[in-house]
Amino acid sequence: MKTAYTADQIRAAEHVLMAKLPPGTLMQRAAAGLAAVCADLLGRVYGKRVVLLVGSGDNGGDALYAGERLARRGAWVGAILAGSKTHEAGLEALRRAGGRVADPAALDGADLIVDGLVGIGATGALREPYRELVEEANAARAPIVAVDVPSGVDASSGQVHGTAVHARVTVTMGAYKTGLLVDPGAACAGTIELVDIGLGSYLPDPDVAGLTAGDVDILLPRPGKESDKYRRGVLGVAAGSDLYTGAAVLAVGGALRAGAGMVRYAGPSAPVAQVRAHWPEAVITQLERPSIEDVGRVQAWVLGPGLGTDDWAHEVAARVLESHVPVLIDADGLTLVAKERSLLFRSVPTLITPHAGELARLLRADRDDIEAARLEYTRRAAAELGVTVLLKGSTTVVAEESRPVRVNGTGTSWLAAGGTGDVLSGVAGALLAQGLSCYDAASCAAYLHGVAGRLAADGAPLTAADVATAIPAAIRAVSADNP
């Protein structure tokens, strides 16, 4: 499990550890790790030009001491001192090693820029001269290495107010910071390198966690010798309409590919014909009226992809949500419950899988605000609606009240294509039917969906059907990573 922490959690752990160590020990550990990453990025250190952006805090000290190490290996190192004060011991060490104070013009000829402007406690928009320096650094040709967190990114939330450093690599000290794993901050962080400075045993329960391949492999249901199609999980899918037949096909396909023992599809005639043609394995009930009584027993439902939002669809949704099994609600189903939130008041688990616009309708909030503060709004939705929330987007966030938020790091921008969310619903629904909790089903489904997207795309455009087809390969890949 990859765990991440807020700035307050990190500072509290550092305070306890520093009390047990000689002064300056943590900064030297951090500087050593930072210098090693910079050297690897430079390849040959001797003769290279390194520019340090140095603020007033400890990140500036880390940058200066790392610069000292690089200067001793023959690099030209110049420090742009932007803060109201400077870590004097670090600056003196840099000068003794041959480094110097530079002006912003040095950015033009740099081979590497080290961002040590602000630390993990900074919030809000960057002030001058930091903002202008960050814009100049981003415009320079040299890659940027950020110290702990890119300047302009809120370490505790991932929020960005205005300008932020766009790092090639972020070298983070002691533990991952929440803001490095959640967009928009994650998009600024680049590759994240973790430097162990000894905080591990002093950290509390994490603020945010991300599943690894090993975690998913452990959580995924596996059929045993005595398994049959009923024991492997029966999923009901209420999706599709005369207008949106493909959504039903994709949701059913995702569920079948993710290991459901049986998928019972219920819908009107047009999607029924399409599902029957694509997936003869599915057990199909054509709904002549908005009732699910004839569908048969299921262990979970997927509700909503392509269902429509008319009175007929509303009645289908109401009947499904009256059932006593877990329900995943997506797409049109979310539009229906946004109009009548009382439909969510259930005694059994419910998982919703909105994108930012759908969550905005559910919370009566602004979409742009949700995109800017994904953690905050996902947590709010879980608490306010009493459901598990999987917020789709550039980083997928899963929240359930009283549990650490989970952030998914797999995926590819090629997944931004019509129908991929329907496949995700089918995958998560299949895992629900096989007995996983909403929290685990959502987290594992997001992980597998992301891996499948990468496999299907392989650097080129994909379709939603490609993603569904790649789900078994994604499951094999997870297992292969953990022989």
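In E9, which residue is the bridge partner of Thr 170? I looked it up, bearing in mind that this is a predicted model, and found Ile 192.

Entry on the neighbours of E7. Strand E6 (residues 144-147) runs parallel to E7, and 3 bridges join them. With strand E9 (residues 191-195) I counted 5 bridges to E7, again in a parallel arrangement.

Entry on burial. I checked strand E7 (residues 169-173) and saw that 5 of the 5 residues are buried, so the strand is largely enclosed by the rest of the structure. In a regular strand, side chains alternate between the two faces of the sheet. I therefore sorted E7 by face, and both faces are covered, because buried here means under 20% relative accessible area. Val 169, Val 171 and Met 173 lie on one side, with Thr 170 and Thr 172 on the other.

Entry on another sheet order. I traced an open sheet of 12 strands with mixed pairing, in the order E8-E1-E10-E19-E18-E17-E16-E15-E14-E11-E12-E13. Its edge strands are E8 (176-177) and E13 (283-286), each pairing on one side only. Within it I looked at E11 (residues 234-238) and E12 (residues 262-267), which pair in the parallel sense over 5 bridges. Ala 238 has Ala 266 in E12 as its bridge partner.

I noted a negative patch formed by Asp 366, Asp 368, Asp 369 and Glu 376. Asp 369 sits in helix H14 (residues 367-372), and at 39% relative accessibility Asp 369 counts as partly exposed.

Terms used
Residues numbered from 1 in each chain as written. Predicted model: local features only at pLDDT ≥ 70, side-chain atom pairs only at ≥ 80, totals over all residues. Heavy atoms only, no water. Patch = residues over 30% accessible without salt bridge, like charges linked within 9 Å, V, L, I, M, F, W, Y side chains within 5 Å. Areas by Shrake-Rupley, 256 points an atom, 1.4 Å probe, with all protein chains shown as cover. Salt bridge = Lys/Arg side-chain N within 4 Å of Asp/Glu carboxyl O. Lys, Arg positive; Asp, Glu negative; His and termini not counted. Charge placed at Lys NZ, Arg CZ, Asp CG, Glu CD. Helix = DSSP H or I, 4+ residues; strand = E, 2+ residues; numbered from the N terminus. Buried < 20%, exposed > 50% of the residue type's maximum accessible area, 1.4 Å probe, protein only. Pairing = 2+ DSSP bridges.
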